Amino acid sequence: EKKMSIYVTRSSMPDIEEYIKEIRPIFESCRLTNMGPVYKKMQHMLIDYLGVPYLSLFVNGHMALEMAIQALGLKEMGEKLGGGEVITTPFTFVSTTHAIVRNNLKPVFCDIRRSDYTIDPEKIEALITDKTVAIIPVHVYGNICDVGAIQAIAEKHGLKVIYDAAHAFGVSYRGTGVGNFGDASMFSFHATKVFNTIEGGAVAFHDERYRRVLHELKNFGIRNEEDVVSVGGNAKMNEFCAAMGICNLNRMDECILKRKAVHDRYFERLTGIEGIHLCELQTDVMPNYSYFPVYFDKCRFGKSRDEVYAEIKEQEIHTRKYFYPAVNDMRCYIEDYGTQKTPVAHDISLNILTLPIYEELALEDVDWICDLMLKK
């Protein structure tokens with residue numbers, strides 16, 4: 001009997017009746033966007049859930065990051081220096097780097113740690129120059145960066161820190177929500193994330209001065225009906241996306257618990273297998289089980305990452321080579337950046353595979369996936 005296709009993720013969806021109940025007032029009011037009551041309700045719910053002082057909602061995570069960079073004045077700081085540099089990681093979704101480059105700043109790629117795939121703080125200081133204006137580290141697969149070490153470096157050198165927290169929704173470190181670290185944190189609420197608003201994103205921050213700036217950046221620079229004070233864009237979240245967010249937030253804890261069961265079964269089945277490296281859960285971190293990455297050492301396992309990917313794809317199981325290629329190996333960046341300075345990121349990108357993980361994934365399907373991968 002042929003099984004259904006299994007994809008690397010499946011969007012979390014609320015009960016349709018619950019969504020209809022949430023969007024009914026939108027239909028009745030005909031107020032569909034422009035930061036209406038549903039937007040404001042979700043904004044306050046998220047501030048509570050993430051435990052952050054301030055949060056600004058956006059149409060997606062990418063625009064949230066682009067505008068966080070603008071709000072912190074990095075572009076202007078860079079222009080004064082004749083071209084600003086931002087230290088970041090090549091082991092991320094390309095959006096992180098694009099957001100830097102589209103702000104006329106130059107990414108400087110720092111290698112990652114093999115243990116958790118986040119930026120290696122021991123390699124950051126050697127990359128700082130008189131043109132460095134910020135560090136943009138990335139929390140990867142729900143693993144969080146060494147926030148203490150990064151903050152110490154930033155304070156020593158007078159640098160801003162913006163975290164790309166697209167993978168880290170709801171994660172906390174020693175009881176503190178991950179959105180509290182650095183000057184700002186960007187979250188993505190894309191349909192593939194643990195928490196989704198169909199499309200959406202947010203910037204969390206703790207300096208109240210950024211509230212108005214972010215508000216104006218995403219709304220054409222408009223301060224009131226007659227006063228446009230800056231050159232802004234249009235990156236507002238609409239009411240229907242906010243309504244989806246409210247529904248999904250109400251079931252977030254249940255969703256994470258179900259993902260944990262999938263994560264734990266993979267861990268049980270794949271721990272101790274020669275040639276397979278798994279990410280250990282980080283100490284003092286409350287995880288969100290957003291991804292399940294597996295590193296394949298072909299010499300010891302007997303099959304390469306690409307061979308495993310192709311083999312199980314024949315059974316309609318769709319894993320993802322994520323992140324591959326590393327950003328500094330991509331066609332639009334390789335000429336200027338290359339991978340010679342980030343050998344760990346390069347190696348991980350060639351050998352990593354993220355396995356299917358979502359709340360409805362049956363444990364017998366997890367077993368089936370593992371059986372297929374381990375078959376010699």
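Tyr322 and Phe323 are both buried, meaning under 20% relative accessible area with a 1.4 Å probe and protein chains only; exposed is over 50%, partly exposed in between. This is a predicted model: local features need pLDDT of at least 70, side-chain atom pairs count only at pLDDT 80 or more, and totals for chains, interfaces and linings use all residues. Residues are numbered from 1 along each chain as its sequence is written, and side-chain values use heavy atoms, without hydrogens and water.

The whole structure holds 22 aromatic pairs. Rings of Phe, Tyr and Trp (its six-membered ring) pair if their centres lie within 6.5 Å; planes under 30 degrees apart are stacked, over 60 edge-to-face, the rest tilted. Two pairs are listed here.

| Pair | Centre distance | Plane angle | Class |
|---|---|---|---|
| Tyr322 and Phe323 | 4.2 Å | 40° | tilted |
| Phe169 and Phe195 | 4.6 Å | 15° | stacked |

Ring pairs also join Phe91, Tyr117, Tyr141, Tyr291, Tyr322 and Phe323 into a cluster. Phe169 and Phe195 link distant parts of the chain, 26 residues apart. Phe169 is buried at 3% relative accessible area; Phe195 is buried at 1%.

Phe169 also belongs to the largest nonpolar core, of 54 residues. Such a core is a set of buried Ala, Val, Leu, Ile, Met, Phe, Trp, Tyr and Cys residues joined through side-chain atoms within 4.5 Å. Leu46, Leu55, Leu57, Ile124, Phe169 and Phe189 touch the most other members. A second, separate core has 26 residues, including Leu65 and Ile100.

Conventions
Helices (H or I, at least four residues) and strands (E, at least two) are DSSP runs, numbered from the N terminus.
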